[in-house]
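Open the model in your viewer and keep the selection panel at hand. We will walk from one stop to the next, with a word on what to look for at each.

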Amino acid sequence: MPQKENKDKSSFFQDVWEVVRLIPPGRVTSYGAIGAYLGRKGSARMVGWAMNASHGDDTVPAHRVVNKQGLLTGKHHFDVKNPMQVRLEEEGIVVIDNKIQNMDQIYWDPSIELEL
């Protein structure tokens, strides 16, 4: 389980990736939820930077992290051969107009799911 204290950027990125690896297939979470879980409320943008930096690491399912409204805001960082929406749909998630459908049913909140 990631540590929840303030750290330098590279350690924070590692903690973000560790949390993202715990998101089950068919579920999504938000940048802000990950930041809040790690004790860095208001760090959604920094979580986004961590997601961008994770591309090329197939152990980090970055496609499962969306904005709080369920929008695929990170989609432009994915390989065109296997874009974010395709990966989500392969896991049974419905995406219409770049937005997750039934977000309330598939949302994974690390603060609840990982029981702080």
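Before the first stop, one term: a residue is buried when its relative accessible area is under 20%, exposed when it is over 50%, and partly exposed in between (1.4 Å probe, protein chains only). The model is predicted, so local features need pLDDT of at least 70 and side-chain atom pairs count only at pLDDT 80 or more, while totals for chains, interfaces and linings use all residues. Residues are numbered from 1 along each chain as its sequence is written, and side-chain values use heavy atoms, with hydrogens and water left out.

**The whole chain**

Start with a cartoon view. Of the 116 residues, 41% are buried. Switch to a surface: its accessible area is about 6500 Å², with 48% belonging to carbon and sulfur atoms. That area comes from the Shrake-Rupley method with a 1.4 Å probe.

**The aromatic pair in α1**

Now select Phe13 and Trp17. Both sit in helix α1 (residues 9-20), 4 residues apart, about one turn of the helix. The structure holds 1 aromatic pair, and this is the one: the ring centres of Phe13 and Trp17 are 6.1 Å apart with planes at 55°, so the pair is tilted. Rings of Phe, Tyr and Trp (its six-membered ring) pair if their centres lie within 6.5 Å; planes under 30 degrees apart count as stacked, over 60 as edge-to-face and the rest as tilted. Are these two residues buried or exposed? Phe13 has a relative accessible area of 9% and is therefore buried, and Trp17 is buried too, at 12%.

**Across to Ser54**

Leaving aside residues up to four places away in sequence, Ser54 touches Trp17, Val60 and Ala62, where contact means heavy atoms within 4.5 Å. Ser54 counts as buried because its relative accessibility is 2%.

Next, select Ser30, Tyr31, Gly32, Ala44, Arg45, Gly48, Trp49, Asn67, Lys68 and Thr73, which line the largest pocket. The elements giving two or more residues to this lining are α2 (31-37) and α3 (44-53), and α3 gives the most, with 4 residues. The pocket holds about 270 Å³ of space. On a 1 Å grid over the protein atoms alone, a pocket is an open set of points where a 1.4 Å probe fits, with protein on both sides within 12 Å along at least five of seven lines; lining residues have an atom within 4 Å of a point. A volume is the space filled by probe spheres set on the points, which are joined across faces, edges and corners.

The second largest pocket has a volume of about 220 Å³. To find its centre, select Asp57, Asp58, Val60, Phe78 and Arg87, the closest to it of the 13 lining residues.

**Two asparagines**

Finish with Asn98, in the loop between β3 (95-96) and β4 (99-100). Its phi is near 65°, a positive value in a residue other than glycine. Asn98 is partly exposed, with a relative accessible area of 29%. Then move to Asn102, in the loop between β4 and α5 (103-106). Phi of Asn102 is near 55°, again a positive value, and Asn102 is partly exposed at 44%.
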